[in-house]
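The following exercises are to be worked with the sequence and the model side by side. Each task sentence is followed by a solution in steps.

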Amino acid sequence: MLGVLWIILSDVAVAWWLGTGIGDVLTLANLGKGLGFIIVSALALYLAMSWSAVGQLAGARASSLTSSTPRRFGPKRFGAGGWTVLALAVALSTTGMAFGTWQIQATSAKDQAREDLRRSAFLKGGLLDRWLAEREGDAMVLAQARDFSVFARTAVLVQSPLALEQVRHRLELMHERYDYDAISLIDRDWRPIVEVGHNSLDDVAVDKAVTEALVSGEVSAPYLHANARGEVRISWAVPVADRVDPDGEPVAVVVLSSGIEMLRALLTVGEEAGTVDPHVVARDDTRWATIARIEAQGGHIIDPPEAFARLRHEILDREREGVSVALFDDADGGFLAGVQPLSAPGWDLILKRNVASLAIAPRQQALWMGAATLFVWLIMLAAGGLLWRQQWLRQHLVLMHSHAEQDRLLRLYFDMPFLGMAISYPGGRGWERVNPFLAQMLGYSPEELVRTDWDRLAVPEDRSCEAPLDAAMQAGERDGYSIEKRLLRRDGRVLVADIDVKCTRTADGAIDRVVATIEDITERREQEERRRLASVVFENTREGVVITDATAHILSVNRAFTELMGYTQDEVVGRTPKMFQSGRHDQAFYANMRRQLETEGHWQGEIWNRRKTGEIFPELQSITAVRDDQGRLTHYVSVFADISRLKASEAELDFLAHHDPLTELPNRRLLRARLAQAIALMRRRNGLLAILIIDVDRFKDINDSRGHAAGDRLLKIVADRLQAGQRGTDTVARLASDEFAVLADNLAHVDDAALVAEDILREVGRPVDLGDGVEFEIAATIGIAVFPDHGADAETLLQQAGTALSRAKEDGRGGYRYYSDAFTEAARERIDLNARLRRAIEQDSLEVHYQPQYRVSDGVLIGAEALLRWTDPELGPVSPGRFIPVAEQTGLIVELGDWVLRRVLAQGQAWRDAGYPAVRLAVNVSALQFQRVAIDHQVADLLEGHGYPAKYLELEITESALMSDPERARRILQRLRERGVSFAVDDFGTGYSSMAQLKRFPVDTLKVDKSFVDGLAAGAHDADDRSIARAIVALGHGLGLSVLAEGVETREQLGALRELGCDHYQGYLASRPLPAEHFAALLAEGLVAEEY
């Protein structure tokens, strides 16, 4: 800090002494280099003292290890080398700072001198130009003065006293007012006529000026010269024109001369600019030049110095603008010249300053800086000495505290309660001291233990086991040894000790003291033994063991795992047990396993895993979560056993308990269980199921005649045939010797059980070969019971089916029978009717009749509804009310709908080809057909195939078909509407419809059901039917739909429909359904609406 203050204050003092400001570049540079010096020198001093302190501390530590007497610290520890470096640093930094200051200040002084010269030359040159301009102006005024010219001519030519007086008067005025020290009027013969002031006509330069004025007739250029007395003069010659003969030669010349002392005030540079000599140089076209040196006492003409030639060559003779400053060498050490060109041709102002004068201030500042640097070093060395002394005292105190702390730590270490320690007497003989922990470890007091023979503390087998090692230490071959030894506690228990012995030696190598540390490792050895035994168990157990980390990555497996799973340890380490998953368990199974491990820490159960070969097998597995003392999960241990054989035995026992040994079909017990489950399922679904009991006819005869082996073979054949014909969810079981059962659930209709029975009779009734090449005709009888009609539980249904079987046998073998006779007859009739209807479709023996549809307002024909008619060769005409329900129950309605749609489109196109008027043909689409068939694609394909226009086709769909899947129905109707097909809602009002859904369907017509139309007849008293019909008409018109009433049979009904605003109707009043040829005749009459 003192050094920083000194540099700042010393620079301020230097700046004040030189008369410059503190903000100048010089002082700022001094501040920068001074601060840099402080930083560098402080760093060097700090490093030197640090090295000294490190050496002292190292010496102190070495001394403390070898001697108990602290080593004295002193200046000698610094060393001769350190002092030499410090002396060199002081010398180099002092001289360096002085030399650097001199260099910087000298350069700065020269730059400042250049700038001062440039500024002074510019200013002084301007003043000199102005003075010369004023003198030239005086000359010009005098030359142009007419009165002066007249008086001067008269004075020269006539010598008139008056004229001479006037001329003298004028010249004296100029002499007094304009500082001319000499003014002369001369004639052309150079004779002076009038002279005022000193004589100025005795110089060659004046002759040149007069000659120039006489020759040119104009004011001459200024001439620089010296008079006879050596005084510097500047003269001009002013021609006096002849006013009588203006074009003639001048009659006289006025010589104006001014002494150089007139310029002293203008050109002399003050002391603040240093030693500056102003010079005026006048040059002509030759190498001649006149140099006038201006001084405070005047001036004089000097000869060109040696440097003038270079000055003229480099500056004066060159084109230039402004002030030029250059350094020139001479005998006096060189000078700076500032050259300013003047307005007069060949004239220059030169300001000269000697370089030697510029070195005075830098030398003084260099001396100051060197002295300041030395002073700072002295202060720093004094401060360093004080700091070194303080550090020496501090280190000495630290060393004393260190010794005390070491003693304290040794005492603490010796008395620590986790390691036994003992210290011998000098020479290593006997134990001088033991710590309390060792005494506690062996069960003795410290005093007792010191007096005890330690060899007696060891078990007999371990006594003197350390003797060779101890002898080697005594001989100096080693400084210590370690040994494990079993010691006896005072209570007789054995302690396993890890004994570590170290010795210190005297200077001659003899043992000084022996230090023994004794650690109780009994528990460690017991743990190691337990781990060894666990490892043996781990490797030799018959169960597979897997150990994973907390993230379930496998760490180790045992040999049994490798044998059971087929993987080596290297193949599974680092992977997770997920690689063994069989795929039989869902995620919920594993989630429950993880949850139980987290909550209970243990999981046990059966699990299916996969071997390396891909084989899936069952395991009985136990997984345990292992946690540390803080309760953190560290590992999982899994133990598992292959229970494939056990599971196979269990499965075999279970199979034998629930299956028939001969046919391997479920037995009565398993059938009863499955029947109970199926009943519960059907009860929830409101479904149907049937139990069929099958008896093999004449089995006893075959068994008695062909033997039991043939009978068993027959039973197996029957079982195979029953299984081959069963549906996917059916159950086939064997109940007794020749009695089987079939459980058929998810039946759509009660008659489906009869279909199953017929399939069984057909399949079982095929001839059978029992192995001897002879075929036997066999048959079966079946009894059927249906849930829920014949019973609500398994036992009841089995009993009812058995009763039905008995009745079937009474009726004659080879047939089937329901528990109820009505069910049996109805089923047989429906099955027969379904078979006949299917043949009719295949033989194309069905017919389509067309019931005309008319407009209510004028009775014009607008279209027809296609109605299916069937005449069986044996049964005759069959009512649609009889065969349509059967077709819907058996699914045959889909084929019927397709057949009708094809026939109607073909017929409609045939009528168009024949030239009949086109009418709209309506075709009914059943709900089952609408659900099972992509009706939009089917209709589109048929329309395209027959070429029938879509606008003449109307599809009638019931409410139930639309509402079963509203979104699908809307999409289908929309796609067909885009093709031009129209739609009618059939039997509207008899089902359930959502008005919000109905308005979304692209339908065109609502059909009022016949049941509501019947209520409109005369004499009918059902006001509800009329209200419903009115509501349907209003609803249809409100939705922008047309309304068609069906089943109109009387004129009263037609009138009522007309009053209600119904649009169209059909029924027996207008026409019954007509065969195609009769409807064609109706079309031929031409009473067909053009638009509808």
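**Exercise 1. Determine how far the backbone nitrogen of Ser-343 lies from a polar atom of the side chain of Asp-129, and describe the setting of Asp-129.**

Step 1. The separation between the backbone nitrogen of Ser-343 and a polar side-chain atom of Asp-129 is 2.7 Å. A polar contact is a pair of N or O atoms within 3.5 Å; within protein, one must be able to donate a hydrogen and the other to accept it, and residues adjacent in sequence count only if both atoms are side-chain atoms.

Step 2. The model is predicted: local features require pLDDT of at least 70 and side-chain atom pairs pLDDT 80 or more, whereas totals for chains, interfaces and linings use all residues. Residues are numbered from 1 along each chain as its sequence is written, and side-chain values use heavy atoms, with hydrogens and water left out.

Step 3. Asp-129 belongs to helix H3, residues 80–144. Helices (H or I, at least four residues) and strands (E, at least two) are DSSP runs, numbered from the N terminus.

Step 4. With residues up to four places away in sequence not counted, Asp-129 touches Pro-341, Leu-342 and Ser-343; contact means heavy atoms within 4.5 Å.

Step 5. Asp-129 is classed as buried because its relative accessible area is 18%. The classes are buried under 20% relative accessible area, exposed over 50% and partly exposed in between (1.4 Å probe, protein chains only).

**Exercise 2. Is Gln-159 buried or exposed, or does it fall in between, and which residues does it contact?**

Step 1. Gln-159 is located in the loop that separates helix H4 (146–157) from helix H5 (161–177).

Step 2. Its relative accessibility is 42%, so Gln-159 counts as partly exposed.

Step 3. Neighbours within four places in sequence being set aside, the contacts of Gln-159 are Thr-154, Leu-164 and Ile-193. Gln-159 and Ile-193 are 34 residues apart in sequence, and their C-alpha atoms are 8.7 Å apart in space.

Step 4. The side chain of Gln-159 also reaches two backbone oxygens: that of Ala-155 at 3.2 Å and that of Val-156 at 3.3 Å.

**Exercise 3. In what order do the 5 strands of the open sheet containing E22 lie, and which helices pack on it?**

Step 1. The order is E23-E24-E22-E27-E28, with mixed pairing. Strand E23 (731–734) and strand E28 (816–818) are the edge strands, each pairing on one side only.

Step 2. Neighbouring strands are turned by 20° against each other on average, direction ignored. Axes are lines fitted to C-alpha atoms, for helices over the stretch in contact, and angles run from 0 to 180 degrees between N-to-C directions.

Step 3. Strand E27 (residues 780–787) and E28 run parallel and are joined by 3 bridges; Ile-784 stands opposite Tyr-818 in E28.

Step 4. Helix H21 (residues 751–764) packs on the sheet, touches E22, E24, E27 and E28, and makes about 160° with the direction of E27. Helix H20 (residues 708–725) lies across strand E22 (688–696), E23 and strand E24 (739–747), at about 5° to E24.

Definitions and conventions. Pairing = 2+ DSSP bridges.
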